[in-house]
Each structure stands twice: as structure tokens, then as C-alpha cells.
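The briefing below is meant to be read alongside the sequence and the coordinates.

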Amino acid sequence: MPETQTFAQRVVRHPLLWPVLALVVLLVINVVATPSFLDVRMQDGHLYGNVIDILRNSAPVMLVALGMTLVIATRGIDLSVGAIAAIAAAVACTRIVGAGDESSLTTALMATTYAVVVCVLLGAWNGFLVSVLGIQPIIATLILMVAGRGISMAVTDGQITTVNNGWFSDLASGYVLTLPLAFLIAVGVLALTALLTRRTALGMLIEAVGINPEASRLAGVRARTIIWTVYAFSGLCAGLAGLVIAANTNSVNANSLGLWIELDAILAVVIGGTSLAGGRFSLMGTFVGALFIATLARTIPNIGIPSEVNYLFKAVVVIAVCLLQSPKARAVLRVRRQGPPRGPAAPVLVKAGSTS
Amino acid sequence: MSAVTVPTDLTWDRVKRYSPPTRYLPIIATFALFVGLFAAGGVRYDGLADPQVLLSLLIDNAFLIVLAVGMTFVILTGGIDLSVGSVVALSTMIAAKTLEMGWSPYLSMTAVLLTGTFLGLLMGLLIHYFDIQPFIATLAGLFLARGITYLISVESISIKDPTFTELAFRTVNIGDYYIRWTAIIALLTVAVAAFVLARTRFGRTVYAIGGSESSAMLMGLRVAFTKVGVYVISGFCASLAGLLFSLYILSGNSLHAVGMELDAIAAVVIGGTLLTGGRGYVVGSLLGVLVLGIIKTLIAFDGTLSSYWIRIITGVLLLAFVVVQRFATRRQP
């Protein structure tokens, strides 16, 4: 890009502009509806308020969306994350209930580690189907999406398992440094992922695989290993998300835990500007996208609409974002506008994200 | 070749040497699986071998059959429709709500069918004219339909209309056995769909698009019309399935049919339709639904297995069919 850009131009062309703007608009709507919406105060030694709640509630979707971002960057998709989250929760909860000392820290640690390992294996299984057998990602992960909830119910024996372990519930309701622990975990995973993908060649290799798997293989990229890794990583993230959700209610309901979280995660990824066609990704975009979804979920009851109508708004957001990203729709819009040739602006928005 | 060995050309030899066209192999495999499961169940459990069980299978899965028919069209073009489960829920809700408001049952049915078809049309237009991936466009459809359902009513509404209950319970007797109207409608849908796919220009274009969309375009086929058309058909089938489902369950609820799109996709895949498009038959989808149905029945007859095994077994079957498909298609370029 030319160095002559002004600050304003850089802001306008920044790929995160639209997601952040959308988030700000949501917050403004909230403040108009409830002027005290943004208030944050200290209570019981930690911060308290709507914004903090949003941060905490965004954790599961953010975790799942992080894994999904990398999978989508390789031109894949992972539909099984909701089922994997349910399996993680089921495994952890049954381990905690079955342990000798139900409320000790060791039990919580052992159970969560065990659950996370199981999820990494499940993710690796998806990776195996996609990379070794060469099955389309959407189909390969569909298998686990269908079977996963059954497996989760088999683990809990079809019961709603309730656990009583303070350490485990801290995963969702605990606070560290006055911030919710769940949010910090999500941010930690984000930071780690960003470090691994943007400070090493890994990110570039993932994008290479997404742009053209065959060409990247010929160029010496181990496409197979990379695909395998991103699916295992997605499994790991989904497992963590499942644990946070289960810790929030101290129980696991295999039927409803993490239901449609895959769709929320995909939505978060798409809002963040990662293209579903693969080849480029934006972790910060996903971060903003997840915050957007959590804020949306908070906004709707706040402005007096039943929270179930949430889905309607999500549909509108999906369509709007896709139309914004679709080259054909942009072409139609540009013709309508008849404005000065803003030629370079559009491709920059499309291609952005791969620049860093 | 056989001309040289004329003397041994007995009927039995011809039977032995007969191999069905490869394109029918998946359907034959599914049919064999169904017969095998049914026979094994018949041997193991008393009363399962009764023909009424087969008819009940059709009755209990009528809505899924219709759903799978619509899904077959979409998958044959290489697309996917995730919205069908939500459209079923929306249909039950519209039917229940309009009946509660005192509409005539026929008007209510028309409203349901029009809504589903319109949603399908919207998704088709998005997919074709704006190049949005089918997966993501129908995801929006999923959210939209579910959201509208919640908007109409968060609570469950029961259907008490006499026309609906009559339709739901009226039976048609075949000898000693009976079948319900819902099952007959489902079978009619299969027949019409099979005819359309095999014998009409529209149907052949569906296969052509699934084989290669750009080739179909270059051949001058009506790609746009057909591509939008399959989503319209899927939307129509989903709302028809929603009507059958509301007859089956006699209530409208926004939590109905969660995950039913997965059952429909699984049935289509088990029925031998290639998920990449271009190959498959509606009859296969019917058999796929019946296989899923017989598994459900077997588990119900067994009594000791919990219902969640249905999900696991469906997943395993899906895996088996997908992997076999993968290797079968790899051999023929």
C-alpha cells in the first residue's frame, strides 16, 4: 500500500472498521435504551456491570470461533464443535462426580484435562477424515455433529449430571484481577493463537493451504499436517468452550449444551471479516465478532424484545455481512452509487486481513 | 463375449453374470441394509415382522420422507439446505396460530405452503444471484425461520381444528392393515419428485448442474432457473413436511424439529446420493429414511437400548456411506 495514506484513509480502509462500527452501534442502542448500560462498579472485589457480563458471556463463542477461524482459513468448516463441547462437558462432569473427592482442585484439574484431551482426539478425527480420506469438511464434521450428542448422552447415561466443585464452577463465574476468568481464558487462547500464527510462519502456511491446497503441497507445505492440526485445535477450543458452559450451570445437559454454537461461531468469524472461501483470516476480527454476538444477545432483552427473537436479528446480520462480502452484491451497489471511481477501496476490503 | 459361450447360456448363468448398473449400486446397498435390518429384527423380536410395522414406518416418518425429497434436489445440485428443520417448526407454528385465530384450515395450509416456498425462493435468489455459499445462505434461513417462529409465539399452541384432527387420524384400510393420509401424501411426493428428476427438462438440468455447473451453463441449460428452483422445491417440501408434522404432533411449537435437517441430510446420504452432487435418486432417499426409521423401531422394540443410540448409529452409518462413496468416486474420474 502507498505510504501517502492519511490517518483517516487508513481508518476507513481498515478491515476491522465495519465490525467495530457495528459493535459501537449496538452499544449506542443499549445506552439509548438504558442510560446506565455502560456503568461498571466494584462489588465483592471484582468488576460488575453489563459490560463485564457481556465479556464473560462472549467466552464460549469466542473460544469456538477462534478454532473455527483457523479451520475456515484452510477453506474448511467445523460443524461438530457444538457436539464436541457437549462431549467435553459430559466427560468432565462424569469424571468429577465419579471421583473420590468431588470438590477438590485436583479432581477439577484431572477432569478438565481429561475432557480436553478427548476433544483434541475428536478434533484430530475430523482432521483425519478431511486430510487423509479427503472428505469434504462440511460432510466430515457433519458425522460427528450427528453422532456427538449421542456420544455425550451415552457418557452421561442420558441424565442431566450436576456437579458440585467450586474450582470447576470458577471456570465460568470466577474472577482473576477483577475480570471474569472465562473471558481471560478466551483472551489467553486468542493471544497464544495470534502469537503462533502471526509471529511464526504458521499463519502464512494456513492461508497458503486455504488458497490452494494442491499448490501449497507442491511448494513443500505439509498441507495434510496443517489441516490435521487446525481441526485438532478447533476440537481443543470447542472442548474448552464446553467446559465453560458446563461450569456456568454446574451441570451438563447433553441435548442442549452448546446447541447451535457452531452457527454462532461461524457468524462471529464471518462478521470478523474472515472469508468463508478460505485463504485469509483475522483473529482480531473474530474477537470483535464474538463480542458482537454476545452484545446482541444482551441488547435484545434490553430494548424490550423477547430474547428468543435473537435468531431473527442473527439472520439479518448473516445476510447483511454476506452481501457486504459478496463481490456481485458490491458490484451492484457500486453501479447504483455512480460515485467517483473508488476502485482500490473495494478490493482492499476484500483482500484485507492477509496483510499483517 | 457371451456369444462364444452360447451352450452354457442358461438362465441361471445369466442371473449369475448379471450385475446391476453401477449407478444403482448405492440404492441396492441401502435396500439390502433395510431388508437385512428388518429381517434381523423380525427374527429377534416378536411382532416386528408384521406388515403393519412397515406401514407404521411410513406413517411415522412421512414428514421426514418429504423433507428428504426436497433435500435430495438441493444436494443433487451440489448445495445443501440447513434451514429445513426451522421451516418445519415455522410451518407448525403458522398452522397452529392461524387456526387459533379462526382461519379456515385450507387457507391456513395455503399460508404455510406459501411461506415455506417463499423462504426457499429467497434463499435460492441469495445463493444464485449473490454467489453466497448455500451453506451460509440457508444458515441465515435457519435463523430467520426459527426467529419468526419465536416471534409468532414463544409458547406451544395446540391444534384442535376438526379438519386437521380428522386428516391426522383418518385411516385408509388395506386388507387387515391401515395407512394414514400423511403417508400417502409422502409417497405421492416421492413419485412426483422421481418423475420430475428422471423425465423432465428441469430434472435433467438438476443432474447437469451437480455434475458441473459451468458445463451446464456453457451448454445453455437454464442454470439460474434450476438452481433457484431446487431451493424453492426444498422450501415447499419443508413446509409440506411441516404440515405433515403438525398433523402428526397436533401442535405448533418453536422447539419442534430441532436438528431435523441433520436427519434429512443423513437419510439422503444413506440413500446413496453423492454430497458433491450429480448422482442419486429420490427413491434412495426414501430408503434412507426407512433405514433410519427401522433403526428407531428396532431400538424401541429392544427396550433396553436408550434412544441416544439412534444418534450414534446414524453417525456410524453416515460415516460408512461417506467413506464408501469417497472411495467409489475416486476410482472413476
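In this predicted model, chain B is built from 15 helices and four strands. The radius of gyration of chain B is 21 Å, close to the 20 Å that the globule rule gives for 333 residues, so chain B is as compact as a globular protein of that length. Taken along the principal axes, the C-alpha atoms of chain B fill a box of roughly 75 × 55 × 35 Å.

**Confidence in chain A**

- Chain A has a mean pLDDT of 84, and 92% of its residues reach 70 or more.
- Over residues 340–356 of chain A, however, pLDDT stays under 50, and for this stretch the model has 17 contacts beyond four places in sequence.
- Where pLDDT is low, the predicted coordinates should not be read in detail.

**Contact between chains A and B**

- The contact draws on 34 residues from chain A and 38 residues from chain B.
- On the side of chain A that touches chain B, the elements giving two or more residues are helix 6 (137–156), helix 14 (310–325) and helix 15 (327–337) of chain A, and the largest share, twelve residues, comes from helix 6 of chain A.
- By class, the residues on that side of chain A divide into 25 nonpolar, five polar and four charged.

**Helix 2 and helix 13 of chain A**

- The axes of helix 2 (residues 17–33) and helix 13 (residues 283–302) of chain A come within 9 Å and cross at roughly 20 degrees; angles under 35 degrees count as roughly parallel, and the two helices of chain A are therefore roughly parallel to each other.
- The crossing of helix 2 and helix 13 of chain A is left-handed, and the residues that make the contact include A:Leu23, A:Leu26 and A:Asn30 of helix 2 together with A:Val288, A:Phe292 and A:Thr299 of helix 13.
- In the contact of helix 2 with helix 13 of chain A there are twelve nonpolar, six polar and no charged residues.

**Helix 4 and helix 12 of chain A**

- Helix 4 (residues 81–98) and helix 12 (residues 261–271) of chain A pack at an angle of about 125 degrees, with their axes 7 Å apart, which makes helix 4 of chain A oblique to helix 12 of chain A.
- The contact is made by A:Val81, A:Gly82 and A:Ala85 of helix 4 and by A:Ile261, A:Glu262 and A:Ala265 of helix 12, and by class the contact has four nonpolar, one polar and one charged residues.

Conventions: Residues are numbered from 1 along each chain as its sequence is written. Chains are lettered from A and ligands numbered from 1 in the order in which they are written. This is a predicted model: local features need pLDDT of at least 70, side-chain atom pairs count only at pLDDT 80 or more; totals for chains, interfaces and linings use all residues. Two residues are in contact if their C-beta atoms, placed from the backbone, lie within 7 Å. Ala, Val, Leu, Ile, Met, Phe, Trp, Tyr, Cys and Pro count as nonpolar, Asp, Glu, Lys and Arg as charged, and the others, Gly among them, as polar. pLDDT is the predictor's confidence in each residue, from 0 to 100. Axes are lines fitted to C-alpha atoms, for helices over the stretch in contact, and angles run from 0 to 180 degrees between N-to-C directions. Angles under 35 degrees count as roughly parallel, over 145 as roughly antiparallel, 65 to 115 as roughly perpendicular and the rest as oblique. A crossing is left-handed if the near helix is turned anticlockwise from the far one by less than a right angle, and right-handed if clockwise. The radius of gyration is taken over C-alpha atoms; the globule rule is 2.2 Å times the number of residues to the power 0.38.
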